[in-house]
Amino acid sequence: MSAETIELASTAEDDTRMRLELERTWSGRPGLIGWLTTTDHKRVGLRYIITSFAFFILAGLNAGLMRLQLARPESHIVGPDRYDQLFTVHGTAMMFLFAVPMMTALGLYFVPLMVGARNIAFPRLNAFGYWTYLIGGCLLFGALYLNTGPDTGWFAYVPLSGPAFSPGKRVDIWAQMVTFTEIAALVGAIEIIVTVFKNRAPGMSLNRMPLFVWAELVTAFMILFALPWVALGSTVFLAGDRLIGTHLFNPAEGGDPLLWQHVFWFFGHPEVYIVFVPALGMVSEIVQSFTRREVFGYPALVLAMIAQGFLSFGLWVHHMFATTVPELGASFFTATSAMIAIPIALQIFCWIATIWNGRPRLRTPMLFVLGFVITFVIGGLTGVMVASVPFDLQAHDTYFVVAHLHYVLLGAVFPMFGIFYYWFPKLTGRFLDERLGKLHFWLFIIGVNLTFFPMHFLGLQGMTRRIYTYLPETGWGPLNLLASCGALVIVLSVLVFLANAARSWRTGALAGDNPWDAPSLEWAASSPPRPYNFLHIPVVQGRAALWSRTPDWPVVTGLRTDIREILVTTVLDAAPDSRHRHPDDTIVPLLTALAVGATFIPLIFTPWGVVIGTACLLPPLVAWAWPRSPEHDEQRSEEQGAAV
Amino acid sequence: MSADALGTLLQQPLQFPGAHSALAPAGPQAERVHALWQFMWIVSAVVWVVVVLAALYATFRRRMPAVDAPLEQREPLSSGGPGMLTAVIGATAATIVVLFVFLILDFRTGRALTTPPAGALPIKVTGHQWWWDVQYPSSRPDQIVTTANEIHVPIGRPVVLELASADVIHSFWPPNLVGKRDLIPGYTSTLWFRADSAGLYRGQCAEFCGYQHAKMAFYIVAEPPEKFTAWLAQQRDSAHTPADSLTRRGREVFLSSSCVMCHSIQGTPAGSRVGPDLTHLGSRLTIAAGTLPNTRGNLAGWIVDPQSIKPGAEMPSNQISPDDLQALLAYLETLR
């Protein structure tokens with residue numbers, strides 16, 4: 001039976017009855033049990049957002065300690081052993097535990113709302129992904145605080161990270177932490193792809209999808225193709241060399257240390273764009289809502305993001321210009337690295353055109369977009385510089401590159417903060433404080449530039465990366481002190497944000513369902529959204545769904561409300577296709593994640609982890625796949641009918 | 001090198017950050033890259049200013065009133081007319097043109113710098129955790145010169161470095177002269193440069209290589225050809241035979257303690273290649289891979305407690321009686 005689209009004709013009475021029934025069907029169990037069993041994409045997504053922000057703060061504290069150590073030459077605040085752990089965990093956590101999960105988490109929360117779905121596709125997988133990620137994150141920081149943190153850099157180059165030069169378990173912890181976050185990112189990507197392709201509201205054809213949804217879709221595909229490479233590299237190759245004596249990277253036995261670099265950067269470069277593309281989507285959403293204009297050049301923006309997704313896989317060798325890459329090969333990667341600047345530039349021009357034509361309201365999210373342009377363009381331009389082989393050989397592995405990469409990645413953090421201010425009313429029903437928001441913005445942009453701009457010069461003056469100290473006669477002291485002062489300003493700005501969020505969560509000004517008068521579907525849900533997201537699944541009539549709706553807005557009817565049922569639509573046109581019985585809340589995802597933990601944590605110590613893990617994984621997987629009987633549904637529906 | 005030549009060198013104050021900077025080129029390669037950098041940063045600064053001004057102007061330009069008109073009264077949502085389309089296409093085309101100019105300059109610079117010229121002086125550099133082994137090869141084994149952390153080169157003559165690693169990946173980088181090149185286990189790579197002005201140029205390892213990656217520096221001493229030839233000839237000699245009883249005792253201490261397990265001194269039974277060759281230690285500017293000036297006090301501190309100077313370094317702390325230490329220092333100082 002296909003769901004039917006009719007004009008809205010329901011009475012208020014029908015609505016109330018339906019709301020009660022949906023509430024009962026989609027709400028989780030109360031209390032701790034509900035907390036552990038929930039498969040609601042909003043509860044899981046919010047958890048994900050908060051957890052990854054917590055890791056952002058912990059990894060930021062590492063950076064603070066590093067800046068403290070580097071503020072003066074020959075400082076003795078931390079020694080080389082501690083410093084190596086600090087920068088390794090800083091980089092690893094910022095990439096694997098903050099940037100990618102945060103960008104995915106915002107997608108897990110908002111993509112279903114923006115495409116008008118009741119929940120994300122594969123909700124149990126979603127919960128499982130979160131728990132797996134949490135275990136991986138705790139493993140990394142637990143190791144750091146027990147002084148067994150990995151210390152060979154987030155890139156873990158062999159042979160330094162190999163068995164001969166890194167005895168002990170530090171690198172094994174790194175390798176398995178990567179495994180946990182890979183699993184989490186991959187399942188998240190699959191959920192987003194399927195939700196976007198199969199669960200869009202009727203009428204939301206691909207060319208009507210919000211740009212943030214496009215960005216998440218492109219990112220999800222990039223995750224799908226990039227992340228298995230680092231899993232192969234760390235979980236199979238590196239762990240193999242360290243745990244069972246394969247010699248894949250050992251030149252004495254015919255192995256090759258450069259193999260690791262290729263595998264790692266084939267993942268590592270797309271990783272940057274996995275962080276960056278969602279931020280582009282956020283910029284588009286904010287610009288659209290705060291200029292009250294549809295974004296200029298929608299097809300160009302979509303194609304630019306897709307082009308970036310493809311091109312990002314053709315750049316990895318520009319991390320390896322100082323190795324033995326032949327000249328001709330290197331020039332190919334110079335060309336692709338320059339080429340990827342074109343779609344990015346095009347997007348920036350489209351946003352400027354949108355702002356130019358519109359009527360920008362300078363609320364905090366919009367300020368962060370301007371901060372993004374000011375900051376990111378510097379990172380983009382230095383990126384074009386380091387694409388040049390001869391210049392890169394001077395800049396590579398120096399503070400010039402530290403400056404470049406932070407300008408690019410913090411370029412993605414600006415829109416992230418902007419979108420926090422934008423979506424906070426949706427998440428909590430309340431506004432973040434505007435005055436504190438502006439203070440946060442100014443402190444942040446000043447702090448970022450004060451910290452990272454001097455690093456360009458430090459790099460050209462010869463300051464190499466990953467050094468725990470430097471000699472006074474190098475003359476690097478003053479600029480390092482300046483950078484450290486900047487780091488303090490960044491800390492202040494994040495504290496202002498935390499205070500703002502903590503205060504506004506309870507006592508912020510109340511926001512309605514659509515406080516910004518924004519066009520996308522998440523603003524049609526209540527703030528915060530109910531467990532079922534939408535009372536009626538809307539039918540989309542234009543690209544800016546809420547701006548183009550007619551007064552007699554059609555909705556979908558015919559979905560069951562007594563059991564969890566969602567609408568499945570076609571890939572291209574989002575025509576209603578079928579109905580799907582959605583799984584109920586269950587503890588099984590948590591148990592499965594724990595079993596995955598029981599596989600990979602023992603694998604740090606012994607190959608027998610595989611055997612232990614298989615034994616632990618079997619029961620939860622059987623429970624996961626256990627068939628649901630239709631009678632059970634009917635019985636439940638009857639009980640509920642009686643109750644209503 | 002004669003004692004007074006070394007004296008002149010040491011008298012020149014190290015000019016930092018100039019003596020360790022890509023912004024103070026002292027050879028043709030660093031020069032060309034520096035020129036490329038100057039062009040790129042000026043163009044980039046212009047691009048940045050234009051983009052940021054455009055964004056700010058777009059935001060703050062004067063508009064018709066009625067900003068917060070209700071939905072129905074607002075202008076149509078379609079954004080931009082043909083003028084805007086032309087502007088965006090024009091800006092993108094300009095981006096492509098700038099990128100092409102960069103690309104062509106990159107390739108030209110790269111081509112000019114890659115091929116080593118004929119008649120270059122070969123030098124072998126091997127990276128170790130955390131010091132540099134430097135060898136001037138020769139067809140006659142007794143003419144091979146081995147030193148550490150200090151590379152003497154004649155000015156005006158190209159030098160080809162043959163780079164290898166003994167343990168993990170390192171990266172050799174003297175910013176004043178040339179861009180970096182990785183030293184990768186299992187691979188040999190080459191790097192060439194030419195120093196055009198006499199001077200002392202510092203460099204340090206650029207690829208993270210473990211605990212003392214920060215203190216793995218080296219000096220390039222660029223000097224006139226005749227001085228260089230004299231230095232090389234002096235380095236070919238075996239170590240001085242101790243002349244007095246104190247230095248004789250010092251040699252005895254060296255040969256009977258753990259020093260001999262790792263270090264070699266030509267002309268003595270000490271021949272281990274684990275640590276730096278010490279045959280002409282006294283003639284070097286620095287110890288501990290560019291970490292400390294080579295003075296008697298620093299050397300004493302380094303021998304007794306290297307772990308407080310370079311925590312994690314391979315050199316162990318040495319329990320050594322004060323008299324023995326004095327004798328050892330006296331002996332090491334004669335190794336010029």
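**Close-up 1. Helix 8 of chain A packs with helix 12 of chain A.** In this predicted model, helix 8 spans residues 257–291 and helix 12 spans residues 364–386. The two pack at an angle of about 130°, with their axes 9 Å apart. Because the angle falls in neither the roughly antiparallel range, over 145, nor the roughly perpendicular one, 65 to 115, helix 8 of chain A counts as oblique to helix 12 of chain A. Their crossing is left-handed.

**Close-up 2. The residues between helix 8 and helix 12 of chain A.** Helix 8 of chain A brings V283(A), I286(A), V287(A) and F290(A) to the contact. Helix 12 of chain A answers with P365(A), M366(A), V369(A) and F372(A). By class, this contact has 8 nonpolar residues, no polar and no charged.

**Close-up 3. A hairpin in chain A.** Strand 3 (residues 565–569) and strand 4 (residues 576–581) of chain A pair in the antiparallel sense. The pairing runs over 5 bridges. L567(A) stands opposite R579(A), which lies in strand 4 of chain A. Between the two strands are 6 residues. A574(A), in the turn, has a positive phi of about 55°.

**Close-up 4. Chain B meets chain A.** The contact draws 69 residues from chain B and 73 residues from chain A. On the chain B side, helix 2 (28–60), helix 3 (82–114) and strand 7 (181–183) each give two or more residues. Helix 3 of chain B gives the most, with 16 residues. The side of chain B that touches chain A holds 40 nonpolar, 21 polar and 8 charged residues.

Technical notes:
Residues are numbered from 1 along each chain as its sequence is written. Chains are lettered from A and ligands numbered from 1 in the order in which they are written. This is a predicted model: local features need pLDDT of at least 70, side-chain atom pairs count only at pLDDT 80 or more; totals for chains, interfaces and linings use all residues. Two residues are in contact if their C-beta atoms, placed from the backbone, lie within 7 Å. Helices (H or I, at least four residues) and strands (E, at least two) are DSSP runs, numbered from the N terminus. Ala, Val, Leu, Ile, Met, Phe, Trp, Tyr, Cys and Pro count as nonpolar, Asp, Glu, Lys and Arg as charged, and the others, Gly among them, as polar. Two strands pair if DSSP finds at least two bridges between them. Axes are lines fitted to C-alpha atoms, for helices over the stretch in contact, and angles run from 0 to 180 degrees between N-to-C directions. Angles under 35 degrees count as roughly parallel, over 145 as roughly antiparallel, 65 to 115 as roughly perpendicular and the rest as oblique. A crossing is left-handed if the near helix is turned anticlockwise from the far one by less than a right angle, and right-handed if clockwise.
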